Amino acid sequence: MCSMEPEQVISVHDGSTTYHIPLLLEKQNLLGILCEYLELPLERTPTRRLEQGKRMWNDWVYLVRSQDTITDTVSIALVGKYTSNKNAYLSVSKSIEHAAMYCHKKVKIILIDATHLEHETYQNSAVKYHKAWHDLCSVKGIIVAGGFGTRATGGMIKAITWARINKKPFLGICLGMQLIVVEYARHVMGIPDAGSQELHPESKNHVIIHMPEHNQENGRDTMRLGRQACIFKEGTEWSKLRSLYGPTISQIEERHRNQYEINPEIIERLEKAGLAVVGKDTTGKRIEIVEIRDHPFFVGVQFHPEYLSRVLRPSKVFLGLFAAAAKCLEKIPMALQQGQRGLVDEY
């Protein structure tokens, strides 16, 4: 009825995960059909490319099939202000999944509306308040994601405080990192009105400021975008995050989307109080990574690691957070250096 041969019809039915779809297509010889009708004979493909593709395919099959027999599940809370729309954090959720697959675990992502952690919610709906706090206290790891505007940031700061005090593996991304600094300045350094120029314009102690080139009249037209270099600071070999990149790596590149940054004038006091600067930009002025040393995993990054995470190349940032939550972080650096596909050699 549609002028197609039966062998040209490919079935893409539901699978246990979207990662199984390539296996389904391969089973139906999609590659062979495409090569035939597009006249792309495989024998003309350089041997190096064929071998590279074969390794990639074997790695994909290995990771996907290993998920079919795994039952160990790690719960991660994603605290944000846009949780009513799950797609708002889709790239973050997928990055967590990539890390879970590498660790040969399953992940249960629990979305928590940060406003539900605030006392105002308790006054209006005690049920939502207690449920949000129950979820936060029950998970193995916590992420505070990026965003704009003041709404829900009070709840995010409360989540950061709880993770810091209770030694819960934690990751703050972009706004999440900025709120780490605000929280730390307020509750550890004793600066009660520490704030951000974006969120707390009335504050006299701005620990987060506009970027120098930021034009407030143009708003987000002057955001810092795209890949930018991050250089690990000397003397930070102790860093749990840095260890995931390997002992010879001193510089990485990550994608950005921000218009605020840590106030350089507060850096020395922050470090003396225990919030270490691990990475800076090429000028040495902009802070890219902060970390608490005596914590299972407490990291803030100004960049967005979710933009570069892939199934076969999970972001080291998310891998560190998930592995710490799964209590296997100490095994990851060696596995990465040895080029292992995961923590288990066979499935």
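1. A crossing of two helices is right-handed if the near helix is turned clockwise from the far one by less than a right angle, and left-handed if it is turned anticlockwise. In this predicted model, helix α7 passes helix α8 in a right-handed crossing.

2. The geometry of that pair is as follows. Helix α7 covers residues 153-165 and helix α8 covers residues 175-187; their axes come within 9 Å and cross at roughly 70 degrees. Angles of 65 to 115 degrees count as roughly perpendicular, and α7 is therefore roughly perpendicular to α8.

3. Which residues form the contact of α7 with α8? From α7 come T153, M156, I157, I160, T161 and R164. On the side of α8, the partners are L175, G176, L179, I180, V182, E183, Y184, R186 and H187. Sorted by class, this contact comprises 8 nonpolar, 4 polar and 3 charged residues. For the spacing of such positions, a general point applies: an α-helix has 3.6 residues a turn, so residues three or four places apart point the same way.

4. S196 is found in strand β5, residues 194-196.

5. The length of α3 may be checked against its residue count. At 1.5 Å a residue, its 21 residues should span 30 Å, and the end C-alpha atoms lie 31 Å apart, which agrees. The buried residues of α3 are W60, V61, Y62, L63, V64, S66 and Q67. What covers the buried residues of α3 includes α1 (21-27), α4 and β2.

6. The corresponding check for α4, residues 90-102, concerns 13 residues. At 1.5 Å a residue these should span 18 Å; the separation of the end C-alpha atoms is 19 Å, which agrees. Which residues of α4 are buried? They are V92, S93, S95, I96, H98, A99, A100, M101 and Y102. Their cover includes the helices α3 (47-67), α11 (316-325) and α12 (332-337), together with the strands β1 (73-80), β2 (106-113) and β3 (141-144).

7. S93 illustrates the burial within α4. This residue is placed in helix α4 and, at 13% relative accessibility, counts as buried because the limit is under 20%. S93 touches L78 and I109, not counting residues up to four places away in sequence.

8. R341 lies in the segment after α12. Leaving aside neighbours within four places in sequence, R341 is in contact with N58, D59, Y62, L63 and Y102. Is R341 buried, exposed or partly exposed? R341 is partly exposed, with a relative accessible area of 34%.

9. H104 follows α4 and has a positive phi, near 55 degrees. E39 likewise has a positive phi, near 55 degrees, in a residue other than glycine. E39 is found in the loop between α2 (30-37) and α3, and is exposed, with a relative accessible area of 65%. K327 has a positive phi of about 60 degrees although it is not a glycine. K327 lies in the loop between α11 and α12, and at 70% relative accessibility counts as exposed.

Technical notes
Residues are numbered from 1 along each chain as its sequence is written. This is a predicted model: local features need pLDDT of at least 70, side-chain atom pairs count only at pLDDT 80 or more; totals for chains, interfaces and linings use all residues. Side-chain values use heavy atoms; hydrogens and water are left out. Axes are lines fitted to C-alpha atoms, for helices over the stretch in contact, and angles run from 0 to 180 degrees between N-to-C directions. Helices (H or I, at least four residues) and strands (E, at least two) are DSSP runs, numbered from the N terminus. Angles under 35 degrees count as roughly parallel, over 145 as roughly antiparallel, 65 to 115 as roughly perpendicular and the rest as oblique. Contact means heavy atoms within 4.5 Å. Ala, Val, Leu, Ile, Met, Phe, Trp, Tyr, Cys and Pro count as nonpolar, Asp, Glu, Lys and Arg as charged, and the others, Gly among them, as polar. The expected span of a helix is 1.5 Å times one less than its number of residues. Buried means under 20% relative accessible area, exposed over 50%, partly exposed in between (1.4 Å probe, protein chains only).
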